[in-house]
Amino acid sequence: MAIVYGLPTVASTVAAALAIIAIILGALSWSRTASLYLPLPDWVPAIATLFPPLTALALYLANQLAQPAADNRQSSSPWRRLFPVINHLQSIITTVIATVALAYLYPESITTCRLEQEWQSYFRAKDAQPIRAIQDEFRCCGFRSIHDRAWPFKDKTTGDDACEVQFNYGTSCLVPWRQQQQSASWMVFAAAILTLLMKVALYQALRQRPSWMTMQFGRQARSQQRITHAALEDEDANDDAEEGQRGAFLPRAGPRFDNEWNDRRMYGPLSTKVPRPLASSHAVDISHASPRDSWTCYNVFPAMGSKTLGLKKYSPRSRTGCRTCRARRIKCDETPGPSCKNCTSTGRTCDRSPQFQLPIKSRLRHASHLHNYISTNLPGMTADERRCLALFQTYTMPMLTGLCDSELWQRLVLQMSQMEPAVGHAVAALGAFHETTTVGVAGMNNDYRLFALEQYGRAIGVLRRRLASGSGDPQLRITALVCCVIFVVLELLQDNYGNILVHLRNGIYILMNETGPKAREAIFKSLPAGAKNDSEREEDAVFTHMFAQLTVQAAHFSEDSVMRLQPLDAHLSTVHYDSIEIRSLIEAKDTLDPLIDSMVRFWTRCEIELRDRSADHYPLYVEQQRQYSNIKRHINAFETYVSQAQHYSPKETRAIDTIRVSHIVMSTYIATFMDLTETIYDRFLARWTRAVILTEQIVASLQTEYAHKQRPLPNVISDIGVFVPLFSVGIKCRDVGIRERVLRLFRTWPHREGLHDSMSYLYMVREIAKLEGEAADANGYVPEKARVRTMMFEKVGDGKNAVLHYALSDPEAKELVMRRRVFVMDELI
């Protein structure tokens, strides 16, 4: 009895405590959101603060109206019917608040994007109050760095370091501001959960409980069930109490009769064939009941362990139906012919294109690690397509970002995959193709490959239909550009360089409306050289930077899938960096790409024109000086930027070292282009050693990070990383020790950097080292005419053999003679 009377008190106390905590958390979140200008909408913490008392008040009023009165007037009150609706609406709103709070909490990249958009809106509007409040609160300057859109704003009288100079703040605002955003979101989420728990506690506190007298006398009637005549339900309750003979009691039946009784109660009124449980003087004979005098049974429940009714009979799911029926979630009748009856009868197009489905075992791979926080609600999307989208999001996308964060892969592609079917199929194909590059169960890689090819074909088909429709949808251009980028990566994973160049040319034409060298010139001129912040890029700027990267990578390749050390196209793009200011690592990489493109194409031009002794070489010296000045200005601007910050993350440190390796190799190559000898590279042994040391540090840092994550090293990166310049070190440095370290690095981390395959570079360096090693003297010195000057690499047959086309150095020859060396690609990594 003490327990019965204590439960409402305990529940009321718990409900009050939960309500107070929820109000405090909501108020704190509301205050932080307003004072720190967080991107969390103000109405979210406001509702989280006001909802606990409103919920308690609504439950109390609903409970008071639900209590019966003597005159029974409340039974017809409209408020009695309205409060249950309000009750459910409160639960829905509380759940929405919790969901919105989580959406502003995870993932961290999306949270950072929202914060950057909020900061950028203040910066564009020149609204100093929010930025100044944030900087004063955290004693910081700028968003990503202390010079990134900081207040005081940059103008003719002040530079972008005005905040640092005036206030002496040495950190950026991104990390502390993001922590406050996450803290506010957590408080809103906790307040919403506590409100729901408070609601449960109030239910327990306000629920009517039986008195001790009811409990005591109720125990005597547990084996009996009350049956009342339907007509008596309209009688007054007092009359029913006085005339107990109008009802009768039936002894409780066993489990078998309980089942039969409930079967008849579910499927129809009581019939005369209901078995009579036991012979008793208290039993009522219902065999002569008329239809008019029907009976109603109360409190009849099936016994424990009884047969469950209404279960659907199991039938195996068909996996051969048409796509239209699968999208409608109905069973296809699979009628032979061009279309099934379901589609014919409703006037729909029956899509019976072949479907490659993943086996169940392959669906379970990495199941516990896949992200599920991005919805995949495209019409007709299958479970396999959703799985491959999750594979892309969890594994492929983080690898493709490369050195720095990528707005294209981390934001635009993910968003478009949820809005555009063509992009959704392309992303699913990319996730499946990437899965084929990982080590898995035998036979499963082929399943993923077939599924990826089918998704690839569907993406092309959907995109072609949209392009052929000629609609004026502005989203169509963005969709086509995203698909072109994904198609390039898809063909890259299959080593189809001819198709890669086709997709690349199509994408550049859509973006720039130009072809050939003019298109390349237009892309590089569109790149901002220190004039814009990364956050100010619009979608066209994002694609400009991506296609500029792909253009630089494609310089060494042709449609015959042959990789050439010196590009065939020697047309130079005009790039002048008279003054350059670098504000981020992304900007440093973007401004370096045009210099790389000009350098490799200038190499081809020098190799051709210098062998013509009668030609005027003065323009070559002018171009060499211009390129050397550009790279020196870039190095100085980059080192100035790096020296401004005191701490960098491991990923940022790897990006800095990668750019430094590129600086070393580029400055060395430009300085030697006007010399046709190979021995000139022996003078730069210290530079080659420095480049190898930096590369070893990068790989060691990456191994440490991914060992902590318990994941393999990335095998696909969308941008040129550190191994492309490392390959240049391996072929030009004749020091045996340096070459062994280069080969060891290639074996440690086999992967793709854009269009470049590190394994192909491994084989080229290995074969060149063998060729030159055979001609070396006892001291390891390789004569000039035994050194390899230029080369081409080509895979043949089934991909296990390759041909190295090479030419030995001869400074006096007008044209070098190409030779062939066939070898087996037998490296076991």
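A word of caution to begin. The model is predicted.

Let's start inside. The largest nonpolar core has 150 residues. Four of its members touch the most others: Trp 409, Ile 486, Phe 547 and Met 791. Which helix gives the most to this core? That is helix 18, residues 475-493, with 14 residues.

Another core lies apart from the largest one. This other core has 22 residues, including Ala 22, Val 100, Met 187 and Leu 202.

Next, helix 28, residues 758-775. At 1.5 Å a residue, helix 28 should span 26 Å, and its end C-alpha atoms are 26 Å apart, so the two agree.

Look at the start of helix 28. A side-chain oxygen of Asp 757 comes within 3.2 Å of the backbone nitrogen of Met 759. Asp 757 also forms a salt bridge with Lys 795, with 3.8 Å between the closest N and O atoms. Asp 757 sits in strand 7 and Lys 795 in strand 8, so this pair ties together parts 38 residues apart in sequence. Asp 757 counts as buried, at 13% relative accessibility. Lys 795 counts as partly exposed, at 32%.

On to salt bridges in general. How many are there? The count comes to 37.

One of them joins the side chains of Arg 466 and Glu 420, at 2.4 Å from N to O. Arg 466 is in helix 17, while Glu 420 is in the loop between helix 15 and helix 16, so the pair ties together parts 46 residues apart in sequence. Arg 466 is buried, with a relative accessible area of 18%. Glu 420 is buried as well, at 9%.

Another salt bridge pairs Glu 767 with Arg 766, at 3.0 Å between the closest N and O atoms. Both of these residues are buried.

There is also a network of salt bridges. It links Glu 607, Arg 611, Glu 678, Lys 732, Arg 734, Arg 739, Glu 772 and Arg 789.

Last, the cysteines. The structure holds two disulfides. Counting bonded cysteines along the chain, the pattern is 1-4, 2-3.

Cys 140 bonds to Cys 173, with the sulfur atoms 1.9 Å apart. That link is right-handed, with 100° about the S-S bond. Its two ends are 33 residues apart, in the loops on either side of helix 6. Cys 140 is buried, at 0% relative accessible area. Cys 173 is buried at 0% too.

The other disulfide joins Cys 141 to Cys 163, S to S 1.9 Å. Which hand does this one have? The torsion about its S-S bond is about -80°, so the disulfide is left-handed. Both Cys 141 and Cys 163 are buried.

Now a cysteine without a partner. Cys 322 is in no disulfide. The nearest cysteine sulfur belongs to Cys 325, 3.4 Å away. Cys 322 is buried, at 3% relative accessibility.

Cys 350 is buried, with a relative accessible area of 13%.

How values were computed
Residues numbered from 1 in each chain as written. Predicted model: local features only at pLDDT ≥ 70, side-chain atom pairs only at ≥ 80, totals over all residues. Heavy atoms only, no water. Core = buried A, V, L, I, M, F, W, Y, C linked by side-chain atoms within 4.5 Å. Buried < 20%, exposed > 50% of the residue type's maximum accessible area, 1.4 Å probe, protein only. Helix = DSSP H or I, 4+ residues; strand = E, 2+ residues; numbered from the N terminus. Expected span 1.5 Å × (residues − 1). Polar contact = N/O pair within 3.5 Å; in protein donor to acceptor, adjacent residues only side chain to side chain. Salt bridge = Lys/Arg side-chain N within 4 Å of Asp/Glu carboxyl O. Disulfide = S-S within 2.5 Å.
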